[in-house]
Every structure is written in structure tokens, then in C-alpha cells.
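Let's take a friendly walk through a protein model. Have a look at it below, and then we will start from a single residue.

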Amino acid sequence: MTDKLPTPQLFKGIALFTPGGDLIYCIDPSKQGRWHLHLCGALQQILDLPEPPHFLVPCYTATIDHWLNPRTQQVKTFAEAYPAVMRHQSVLRAIFGTGELVWQTAPWQEDLCDRMVLGTYRSSFPQLWEDHDLIVRLDRADIAPQYQQHKLNPQQGIPHTQGYVLRLFVAGHSVATERILQNLHELLERSLKYPYTLKVIDVLTHPEQAEIDQVSATPTLVKVWPHPIRRIVGDLDNVDKLLQTLGAKEI
């Protein structure tokens, strides 16, 4: 009988952001690599780009590795993000389940990450500088055309097929905020039958968005799509209430 490995399980994770703040990521227990290419290819199809945006790598990436030290048999964690995406650290903690772990800043490579050079791609890839409220997880099984289901309608900014567009309004970034985000992410991954996007909005820095969505207290989760628009305020740990508000059933 062998002892069960301590959690978190061993895996490698890669997150690829756009300059506008959209996110596509993967969690790969087999650590096979080449995920950067798959993430770029998925972004091309989701955002209808002329070609895969390989120029985003490595400047807009974050990586995490849970690995087993063969000498001590202890699980170690290495998490690194480039400066351009360090502002998304709360989201990274939530999707990869790193708790209060502080991500290390990867060295900015001037020959690869010159901001002026990256800016020259904006005219050819304007979608990457727009915010589509995308948080998409790409799995090994999705490398085929399955992730086409996330493709956006440019006029509406919401998915063609059935899915959820959600906005979580919080007040500042704190341990409590990260706990809410992580719990909500785990619940959505477990309970929704359809793809979803989740945008986290800080009312302290974006009060105008809170006014638009008629949010007067935090935390508030707003279901933007499908209609009707619904809101749940406060207790986001109540699974039954949350699923009822979303109109979803547990899988």
C-alpha cells in the first residue's frame, strides 16, 4: 500500500493573457509541454485572429509547476509570472488553487518583450487589446475543434452557443476576496454544464461598471448571459442558492 500524495496534485499549469485582460489556461498532470502553441491556437479561433498570436509568449504568460522532490518525497511549487500579468495574481491563485502563495516575477526579456515592438501588433490583432470577459480552460480533449463553442459574436460580445457570462464584483484584493474567487471557481467548474466566462471587477477602481450593473454591495455575482440578468449578493457559498440564481443544475 502506498501513501497518497499530498494535495495539491502534481501538475504543470500555463496561463496566457491578452493585453486586454482575457485569459486562456491549461492544467496538465502529464506535463507534456507544447501547451503554449495550443493556447495560441485556441485564442486564434476564439477571437477570430488572422493567425496564432505567438508573440504573446513569453511576455503575457504565467506558469506553475507542482513537482515531487525525489529525495524528500515532498511536493514543491514553483509559480512564475511575467511583469505584464502580475496584476492578475488573484485570478492565477484562484484558477490554479495556490492559496496565498506569492508568485515570483519572471525576468523581463527586452529582446522578446519590448513594449514598443509588441504594440506594433495592435493594428493586426485589435481583438487582443479588447476585453471580452474571457476566462477559458483548455484541456487535452479540447485541442480538437471543441473550443469553437467559445467563439464570440463581435456585435454582442457573448458566446454563440449556450454558456454563461458572469461578473464578480469585489471591493479590493484581500485574502477574503481570493477565498471567494477560489470557492466560486471550484463550484462553477464542478456544477455548470456549459462553458462560462468570469470577469472579476474591483468596485474601488471601476465604480462606473458597478453603477452600470446596478451593484451596491460586495461581493455580488451578476449573470449577464443568458438572460434574464440575475444577481446574487453576499453569500456565494450557498450552492443551492447560487445554482438556482444561475438557472443551472448540478452535473
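## Starting at serine 90

Serine 90 is buried, with a relative accessible area of 13%; buried means under 20% relative accessible area, exposed over 50%, and partly exposed in between (1.4 Å probe, protein chains only). You will find serine 90 in helix α2, which covers residues 89–96. Leaving aside residues up to four places away in sequence, serine 90 touches His173, Glu178 and Leu181, where a contact means heavy atoms within 4.5 Å.

Before going on, note that this is a predicted model: local features need pLDDT of at least 70, side-chain atom pairs count only at pLDDT 80 or more, and totals for chains, interfaces and linings use all residues. Residues are numbered from 1 along each chain as its sequence is written, and side-chain values use heavy atoms, with hydrogens and water left out.

## The whole protein

The secondary structure comes to six helices and 10 strands. Helices (H or I, at least four residues) and strands (E, at least two) are DSSP runs, numbered from the N terminus. Of the 251 residues in the protein, 46% are buried.

## An open sheet and a helix across it

Six strands form an open sheet with mixed pairing, in the order β5-β4-β3-β1-β2-β6. Its edge strands are β5 (104–105) and β6 (135–137), each of which pairs on one side only. Two strands pair if DSSP finds at least two bridges between them. Strand β2 (residues 23–28) pairs with β6 in the parallel sense, over three bridges, and tyrosine 25 stands opposite arginine 137 in β6.

Helix α1 (residues 35–46) lies across β1 (11–17), β2, β3 (61–68) and β6, and runs at about 145 degrees to β2. Axes here are lines fitted to C-alpha atoms, for helices over the stretch in contact, and angles run from 0 to 180 degrees between N-to-C directions.

## Aromatic partners

The structure holds six aromatic pairs. Rings of Phe, Tyr and Trp (its six-membered ring) pair if their centres lie within 6.5 Å; planes under 30 degrees apart count as stacked, over 60 as edge-to-face and the rest as tilted. Tyrosine 25 and phenylalanine 96 form an edge-to-face pair, 5.7 Å centre to centre with 85 degrees between the planes. Tyrosine 25 lies in strand β2 and phenylalanine 96 in helix α2, so this pair ties together parts that are 71 residues apart in sequence.

Are tyrosine 25 and phenylalanine 96 buried or exposed? Both are buried. Together, Phe11, Tyr25, Phe96 and Trp103 form one aromatic cluster.
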